[in-house]
Amino acid sequence: MRLKLQELERALLDDDNNDDEYSPEMCPPVEWAHRIENELLHDSPKESSSSDSNLSSITSSREIYPKLPRSPKQLLLDCAAAISEGNIEGASLMINELRQTVSIQGDPSQRIAAYMVEGLAARVAASGKCLYKALKCKEPPSLDRLSAMQILFEVCPCFKFGFMAANGAIMESFKGEKKVHIIDFDISQGSQYMTLIQTLASQPGERPHLRLTGVDDPESVQRTVGGLKLVGLRLEALAEALAVPFKFEAIASKTSDVTPAMLNCQAGEAVMVNFAFQLHHMPDESVSTVNERDQLLRMVKSLNPKLVTVVEQDVNTNTSPFLQRFVEAYNYYSAVYESLDATLPRESQDRVNVEKQCLARDIVNIVACEGEERIERYEVAGKWRARMMMAGFSSCPISSSISDAIRKLISQYCDRYKVKEEKGALHFGWEDKSLIVASAWR
């Protein structure tokens, strides 16, 4: 058991962590596994269970020792049920059992179980916030190395084609425009715009002037503060090399504090706004009466944009009570982990980094945290659609030329990757599980 704990501790926290936001005094990484052990018997928040179809398979937490050995999945579900019922002693026993049977080096079911059990342990120990910060995506050590988030976007076609659908809609909206101003509230490492600039350079005729404004939110999970300026320099260098008229501007501000005046939209510009995997970080009405999520959408609508693109995970981890949220997260990330099996070997260090720095941190936050500490608040496609319409937007269906091009590309991957059109949006998934949805609005 000690070896398993050490393996998980190393896997989760062995990177050099120089994150200024992380407070060693609050939750020292080296002591994290020990803290989990010491606090397993402490009280835990209680949540009611839900009617999700998978919940019928969850064993009552009173049945701690069934006659037949349970799979890692069943143990996880039983442990989550025990926590939701306040049976911390039973949950602690199952956490210890899981830690002895799962591995981050195993098959997809083993790998997801290894991280989800740590989310459960962090929930019991009330240390989810500390672990979420400690697992913050690391900056690439040099310009020629991709960050873990970039690698995820490259190797998981569902994420990659979500960006591609957004770029396709943006490119179509460029037609007839001499000046285009794209506003992005989290451009990550800029990969989406490197592709967009390259696509612009390949187009015949006169190229429009592109102005890109990025918001450098100090709470961003993608970069250190000020890192957006480095992204801008890379984009400017690429645009200059390809003779694309381009200007980059960074706004240092919390996303919720951005005002139209700060964005400096100018006469003659076609304004476009891109939300790629960003809106779900904004607290909504279930967290605060301020409802920053809808507030941001209304502010964007006031800019009278020609186009708004939204790319998001297609799963509800926002308003679901704990047990249902756990089951939904398990089903969603199981599909993601299985899809990675089709693109990267299990021993790949890039894969380990992606699973640890991108997926595991989200899992821990979804499973272990509540209230304002729960940042990863995904919503299903229908809910995003309702929010956009309430903010005054109307759907701008993704064109058939974009969807046809993506279908041809996705066919080159494993045939278990799927794409379907629904109410003007494109859904990208693994087998029958929708993972990412891309939509456009005006």
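Helices H8 and H16 are roughly antiparallel to each other, a term used for angles over 145 degrees, with under 35 counting as roughly parallel, 65 to 115 as roughly perpendicular and the rest as oblique. Helices here are DSSP runs of H or I with at least four residues, and strands are runs of E with at least two, numbered from the N terminus. Before I continue, please note that this is a predicted model, in which local features need pLDDT of at least 70 and side-chain atom pairs count only at pLDDT 80 or more, while totals for chains, interfaces and linings use all residues. Residues are numbered from 1 along each chain as its sequence is written, and side-chain values use heavy atoms, with hydrogens and water left out.

Let me stay with the helix packing. H8 covers residues 157-173 and H16 residues 400-410; they pack at an angle of about 150 degrees, with their axes 10 Å apart. The axes are lines fitted to C-alpha atoms over the stretch in contact, and the angles run from 0 to 180 degrees between N-to-C directions.

A second pair involves H5 and helix H14 (residues 349-368), with an angle of about 40 degrees and axes 9 Å apart. H5 and H14 are therefore oblique to each other. Here too the crossing, of H5 past H14, is right-handed.

A salt bridge is counted when a side-chain nitrogen of Lys or Arg lies within 4 Å of a carboxyl oxygen of Asp or Glu. That rule gives 22 salt bridges. One of them joins Arg99 and Glu118, whose closest N and O atoms are 2.9 Å apart. Arg99 belongs to helix H4 (residues 88-101) and Glu118 to H5 (residues 108-125), so this pair, 19 residues apart, links distant parts of the chain. Are these two residues buried or exposed? Arg99 is buried, at 1% relative accessibility, and Glu118 is buried as well, also at 1%. Buried means under 20% relative accessible area, exposed means over 50%, and partly exposed lies in between, with a 1.4 Å probe and protein chains only.

Arg387 deserves a separate look. Its salt bridge with Glu285 has an N to O distance of 3.1 Å. Arg387 lies in helix H15 (residues 381-390) and Glu285 in the loop between strand S4 (270-276) and helix H12 (292-301), so the pair ties together parts that are 102 residues apart in sequence. Arg387 is buried at 1%, whereas Glu285 is partly exposed at 41%. Arg387 forms a further salt bridge with Glu379, at 2.7 Å between the closest N and O atoms, and both of these residues are buried. The network of salt bridges here links Asp284, Glu285, Arg293, Asp294, Glu379, Lys383 and Arg387.

I close with the strands. In strand S2 (residues 209-215), 6 of the 7 residues are buried. S2 pairs with strand S1 (residues 179-184) in the parallel sense over 6 bridges; pairing requires at least two DSSP bridges between two strands. Lys179 stands opposite His209 in S2. From S1 the chain crosses through helix H9 (residues 191-201) to S2 in a right-handed β-α-β crossover, meaning that, with the strands pointing away from the viewer, the path from the first strand over the helix to the second runs clockwise. S2 also pairs with strand S3 (residues 246-251), again parallel and over 6 bridges, and there Leu210 stands opposite Phe246.

Note on methods
Left-handed = near helix turned anticlockwise from the far one by under 90°.
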